[in-house]
Amino acid sequence: MDNVRVTSTGEETKSFNLDNTLNFGARPGVQTCTSWKAPIIWEGMFDPYLYDQKHIESHSSVALTVFAVGRYLDAYLKTFLTTAEQHFMLGLPVTYYVFTDLPENVPNIELSPQRIMKVIQVEKHSRWQDISMMRMKAISETIEAEIRHCCKYVFCFDVDQEFKGRFGSEALGDSVALLHAHFYKLPNERFTYDRNPKSKAFMETGDFYYHAAIFGGLWENVKNLADACYLNIMEDKQNDVEALWHDESHLNKYFWLNKPGRLLSPEYCWDESIADKSDINVTRLIWEPKNYDTVRNS
């Protein structure tokens, strides 16, 4: 339904809800809505022109955070940023926040109008697991210090990815989670939740398995997520516990307790090594080939 608002003069106006235009029956072979009525966004469900025009009219603005620490910077950052300029939230103001221990090595990318980049220096931890988990603290601090004053939405990305197609305003929402490409077809019992009762990330069951490579939403909701995950990570560390999949395990626990209002299908983060591509009509972002021995042992 449309939302009715009352102006200062007492006049009623209707604010158009874009998601009322989603065609949930457009993809009968996949799940397009959760049990709590959140849409799962697939190609064919939405009108891209309608979403873009509404967000442009609403002056929506987006912060993109990405961490490029150690050899991840040279291996992935240029491709990530260059392809983001070609496909991510085109037509909207975007601020890239690049977190790195090597700010002098950040590539000089030509940015389109209304798009800027800010580089934030962070400490390089000795273990990649700590880099992965500590990003929650850095994201929260940057939202508080800066992002909240200039951007309505925040999207947080892993750097070892490449944009291949439209990643547009249809992805924006109050709280946005991503279905993991390797788990979205599997039964719940095969999800790799943290099963250790000593961890704050412990889960016996859940709704979906979410991929921490992408999450987003309104800045205040992303900050709440980052704060909660960071506090739980630190409590685990004090108890000499480490969640199975680090920040991803904590993110899954958070979204189990705080249901996301929008889910992105695996189109938005696809692994091309998966043989069954029958559901994937378009790839918007792909995993880059991983060479963990090289990039993590640095």
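This is a predicted model: local features need pLDDT of at least 70, side-chain atom pairs count only at pLDDT 80 or more; totals for chains, interfaces and linings use all residues.

Q: What caps the N-terminal end of H1?

A: Aspartate 47 does: a side-chain oxygen lies 3.0 Å from the backbone nitrogen of tyrosine 49.

Q: Which residues of H1 are buried?

A: Buried means under 20% relative accessible area, exposed over 50%, partly exposed in between (1.4 Å probe, protein chains only). In H1 (residues 48-57), the buried ones are Tyr51, Asp52 and His55. Seen down the helix axis, the buried residues of H1 fall within an arc of 95°, so they line one face. The arc is taken from the directions from the helix axis to the C-beta atoms. Tyr49 and Glu57, on the other side of H1, are exposed.

Q: What do the buried residues of H1 pack against?

A: Contact means heavy atoms within 4.5 Å. The buried residues of H1 pack against S7 and S11.

Q: In what order do the strands of the open sheet run?

A: Two strands pair if DSSP finds at least two bridges between them. Eight strands give the order S3-S11-S9-S10-S7-S4-S5-S6, with mixed pairing. The edges are S3 (40-41) and S6 (115-121), each pairing on one side only. S3 pairs with S11 (residues 262-264) in the parallel sense, over two bridges. Isoleucine 40 has leucine 263 as its bridge partner in S11.

Q: How many salt bridges are there?

A: Side chains of opposite charge can pair when their charged atoms come close. The rule asks for a side-chain nitrogen of Lys or Arg within 4 Å of a carboxyl oxygen of Asp or Glu. The count comes to 17. One of them joins aspartate 19 to arginine 262, with the closest N and O atoms 2.8 Å apart. That pair links distant parts of the chain, 243 residues apart: aspartate 19 is in the loop between S2 (12-15) and S3, arginine 262 in S11.

Q: Is arginine 262 buried or exposed?

A: Arginine 262 is buried, at a relative accessible area of 3%. Aspartate 19, at 24%, counts as partly exposed.

Q: Which residues are linked in a network of salt bridges?

A: Arg27, Glu43, Glu267 and Arg284 are. Arginine 27 meets glutamate 267 at 3.5 Å, N to O. Glutamate 43 and arginine 284 have their closest N and O atoms 2.6 Å apart.

Methods
Residues are numbered from 1 along each chain as its sequence is written. Side-chain values use heavy atoms; hydrogens and water are left out. Helices (H or I, at least four residues) and strands (E, at least two) are DSSP runs, numbered from the N terminus. A polar contact is a pair of N or O atoms within 3.5 Å; within protein, one must be able to donate a hydrogen and the other to accept it, and residues adjacent in sequence count only if both atoms are side-chain atoms.
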